[in-house]
Amino acid sequence: MSLLLVLGVIAVAQAVFVVLLGIFVFVRREKLLRRADSVRSSRGKLSAPLAKWLVGSGSADPVRDALRAMPRDAALVFASEIYDTRVPRDQHASFGAALRGEPWANWAIKGATQRRWWRRLDAARALGIVGTRDDADILEPLLDDTHAAVRLAATQALAAVDDPELVRLAVAHYPGEALAVRLFTTATLRTVWQLAEGPLRDCLTSRDASGREIAAWLALAESLNLPSLRPAVTALASHPDPEARAGAARALRRYPHAGSVEAVRALLDDPQDFVRAAAAQALGALRAAEAEPQLERGLSDVAWWVRFRCALALALLGEPGRAALRRARQSSDTFAREMAVMTSGLSEGAVLELGDV
Amino acid sequence: MMEALRQGLQALDWAILVYFILLNSFYALLLLLSFPELWTHFQLADDEYFARVLATDALPPISVLVPAYNEEVSIASSVLSFLTLAYPRHEVVLVNDGSKDHTMDELVRAYDLYEVPPAIERILPTATIRAVYRSRTHSRLLVIDKDNGGKADSLNAAINAARFPYVIACDADTLIEPDALLRLARPFLLGREIAAIGGTIRVVNACTVELGRVVDARVDSRWLPGCQTVEYLRAFLFGRLGWNRIGGNLIISGAFGLFARKYLLAIGGYQTGNVTEDMDLAVRLHIHLREQGIKADMPFIPDPVAWTEVPTSSRILHRQRERWHRGLIGTIWERRRMLFNPRYGSVGMVALPFFAFGEMIAPIVELLGYLGLILGLTIGAVNTPFALVFLAVAVGYGILLSMWAIVLEEVTFRRYNARRDLWRLLFFALVEGFGYRQLTVYYRLHAFWKVMRGDRGWGVMQREGFARSSK
């Protein structure tokens with residue numbers, strides 16, 4: 001076959017392909033429009049029973065029937081949306097019970113072992129709605145999935161599955177996750193705090209954990225804010241690793257207590273600047289007026305962040321702190337003066353926002 | 001003599017044919033690689049569940065860096081659109097780059113600015129900072145007023161002042177979609193270590209803009225912006241997605257890209273002497289990551305969108321494309337030691353060679369092709385049917401790639417809702433190869449001429465503004 005013929009065949013094939021692609025684009029557009037109409041209509045049928053269920057005056061059965069009439073993937077999306085609404089926990093539980101065994105839910109859960117990650121994601125999402133303690137075996141590998149999106153959804157399913165061992169597993173894995181994933185896991189563990197409390201206390205008092213792991217668990221303790229964890233958190237303010245000490249300072253700002261203030265004040269003299277900055281921030285959040293002289297001294301710290309945090313903390317202490325800032329504005333120390341000028345111009349809202357309180 | 005010329009032309013024909021096959025095979029490979037990549041992003045981008053996850057506080061705080069020069073007309077609304085982006089925690093660091101108009105006065109008036117001590121660490125060298133301002137009404141706004149030093153210098157000043165670990169470099173006249181930051185931050189939720197993330201740039205020219213937001217995406221019916229709309233779709237939807245799989249994304253758009261601040265500081269920020277600072281920055285980031293053995297990704301994500309105005313006149317398009325190509329030539333020349341150097345992995349072995357031999361010298365090869373064809377037809381050294389069929393295949397392949405880009409857009413994000421816009425996209429995909437392509441070849445050839453003359457200027461990029469399309 002000559003080169004000319006080959007090129008000719010390629011040219012014709014390209015032309016045919018271009019025409020087919022053009023047809024495909026328009027056919028697909030029409031199909032999508034029709035599907036969107038159908039889903040819109042199903043959603044319309046869902047709204048009345050859903051409204052009744054949301055105010056607690058109707059059962060979940062009509063909602064279930066409306067979901068059953070939808071395409072499987074759309075039903076899962078709507079069920080997830082409904083499940084995310086703010087209703088009492090027992091209402092959530094009854095909703096999950098009503099949907100258990102639905103064809104779309106079974107189809108989704110079957111995807112837990114699929115190779116394609118989005119099928120496993122659907123499985124984790126379905127377990128978050130209809131899961132029970134019997135599903136712990138299905139959920140466990142999803143908590144350790146290779147895809148972070150699946151792990152996130154599986155973490156959310158912990159509340160529905162309510163299994164102490166799985167929560168322990170999630171707490172143990174917590175420091176190994178990326179920061180953003182950890183933050184989301186935190187939000188989920190808040191809903192099962194009774195189950196998370198014990199494992200977290202064990203982790204905080206572990207002797208084998210590294211400073212970085214301790215710091216991660218301290219961040220979790222800060223967010224869960226459980227009074228029973230305060231002694232363990234306070235003890236970590238004297239940990240040999242500076243990351244752990246900084247983590248303790250940050251966590252203690254959520255534990256207003258004389259013991260917390262005392263531990264954090266000691267950290268204001270820490271050799272590491274990031275620990276001192278975290279301590280200053282915590283003292284501001286704790287409104288620790290007794291720390292005012294130390295914070296005023298901190299305005300002359302060698303590290304910019306420590307001076308900044310001390311100034312913001314003083315601004316949060318009310319009149320004693322404001323008076324200290326006014327004195328600093330007249331100070332001969334350039335560092336203290338500049339920082340006082342900068343924070344004195346801020347509104348209360350800005351101080352709160354910049355101070356991350 | 002004539003016989004030697006004839007043989008020379010035939011050799012040239014074969015060389016161009018081989019070049020054509022190699023280059024287009026690589027484009028086909030990029031296209032194939034973009035399918036799984038696009039599908040993965042599509043699964044997450046349109047997932048309402050994941051959108052709700054993104055709306056939690058599980059995302060790192062971001063500093064939005066906005067260099068501004070002579071933007072008095074639009075600066076107040078631009079800043080407001082950046083401040084009101086849907087993101088749990090972000091600040092806006094605006095740098096007034098010694099504007100000669102009333103940009104600074106307008107900012108002071110609109111945001112009730114007050115001067116604060118310039119307590120900013122000068123990690124990256126910049127032009128002299130005149131003053132630093134905070135806003136009494138928007139605590140998340142920081143304004144730096146400095147001497148004129150160019151866009152790269154302004155971005156360096158903003159990087160110095162940013163207080164968050166990730167920064168986004170934006171142009172003051174770029175319209176970022178309200179949820180674009182959330183979408184751009186998706187890799188963080190997936191637990192990846194990130195050095196930079198690129199988002200998609202789309203053409204705003206015919207769109208309806210209300211209060212700094214694109215409310216109705218349209219395709220411009222005019223030839224130049226219409227062709228550029230298809231060109232942008234092609235470049236972003238399969239070009240850069242394909243590179244994601246190869247690991248050699250060399251362009252994070254200067255108008256809309258997210259970077260880890262620590263890596264920007266480590267490489268010394270933006271280079272002030274470069275006319276296309278974005279490619280240069282991406283290449284230097286790759287070098288840094290490789291040389292330091294840091295395993296951090298630089299992905300491109302297709303669904304976060306920023307809208308930008310493209311040139312509507314050939315004069316402005318000429319300046320823009322000539323400058324872009326000059327930047328490409330400069331970057332490749334400066335980094336030539338990386339070419340085929342296994343030390344730099346896929347960047348040195350695949351991406352940079354592709355940009356050097358595929359993108360950079362393509363206009364020269366194309367010019368040689370046209371000249372050889374004309375000369376060959378004149379002296380009868382070229383088989384006319386063969387030349388015509390070859391031309392048809394070359395143009396047809398370009399159309400096919402553009403069609404694929406439109407298909408990818410249609411099966412995934414579908415920003416253009418009206419059927420009329422779909423027709424326009426298809427029309428411009430068909431006509432782009434006749435005239436527009438040759439025009440851009442000429443502009444890029446001009447870049448070689450300017451490089452040889454040592455021209456390093458930016459030229460003026462005049463814009464029509466959004467007034468025509470705005471309500």
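1. B:Phe340 is found in the loop that lies between helix H11 (314-334) and helix H12 (345-360) of chain B. Helices here are DSSP runs of H or I with at least four residues, numbered from the N terminus. The model is predicted: local features need pLDDT of at least 70, side-chain atom pairs count only at pLDDT 80 or more, and totals for chains, interfaces and linings use all residues. Residues are numbered from 1 along each chain as its sequence is written, and chains are lettered from A in the order in which they are written.

2. B:Phe340 is not a glycine, yet has a positive phi of about 55°. B:Phe340 counts as partly exposed because 13 C-beta neighbours lie inside 10 Å (buried means 20 or more other C-beta atoms within 10 Å of its own, exposed 12 or fewer, partly exposed in between, with C-beta atoms placed from the backbone).

3. In chain A, the loop between helix H8 (148-161) and helix H9 (164-173) holds A:Asp162. A:Asp162 also has a positive phi, about 55°, without being a glycine. With 18 C-beta neighbours inside 10 Å, A:Asp162 is partly exposed.

4. In chain A, the axes of helix H18 (residues 304-316) and helix H19 (residues 319-329) come within 6 Å and cross at roughly 135°. Axes are lines fitted to C-alpha atoms, for helices over the stretch in contact, and angles run from 0 to 180 degrees between N-to-C directions. H18(A) and H19(A) are therefore oblique to each other (under 35 degrees is roughly parallel, over 145 roughly antiparallel, 65 to 115 roughly perpendicular, the rest oblique).

Key:
Helices (H or I, at least four residues) and strands (E, at least two) are DSSP runs, numbered from the N terminus.
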